Amino acid sequence: MATDIVIPSDLWEEDEETVITGWLADDGATVEEGALVVEIMTAKVQYEINAPASGILRIKEEADAVVPKGAVIGSVE
């Protein structure tokens, strides 16, 4: 069963969208739970998102994509 990687909706208030600045692992890579997998940027702050589970990374949104809060940008299978 896949576990979604989601843009957090509780980290900032002003911005409704964020930009994926870069994936730290490739699509299909094996990742460990808690490992940094993606960096995102709001208008003011850069955040890093950790893998929510161990498994195979599946990327749904590529780097430079603009996505809203709560968007599913990938998963770990």
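Strand S1 and strand S8 (residues 72-76) run antiparallel and are joined by four bridges, where strands (E, at least two residues) and helices (H or I, at least four residues) are DSSP runs numbered from the N terminus and two strands count as paired if DSSP finds at least two bridges between them. The model is a predicted one, in which local features need pLDDT of at least 70 and side-chain atom pairs count only at pLDDT 80 or more, whereas totals for chains, interfaces and linings use all residues. Residues are numbered from 1 along each chain as its sequence is written, and side-chain values use heavy atoms, with hydrogens and water left out.

The pairing of S1 with S8 belongs to an open, antiparallel sheet of four strands in the order S1-S8-S6-S3. Strand S1 (3-6) and strand S3 (30-31) each have a single partner strand and stand at the edges, so one side of each is left without a neighbour in the sheet.

Within S1 lies Asp4, which stands opposite Ser75 in S8. Asp4 is partly exposed, with a relative accessible area of 39% (buried means under 20%, exposed over 50% and partly exposed in between, with a 1.4 Å probe and protein chains only). Leaving aside residues up to four places away in sequence, Asp4 touches Pro52, Lys60, Val72, Gly74 and Ser75, contact meaning heavy atoms within 4.5 Å. The C-alpha atoms of Asp4 and Arg58 are separated by 9.3 Å, although these residues are 54 residues apart along the chain.
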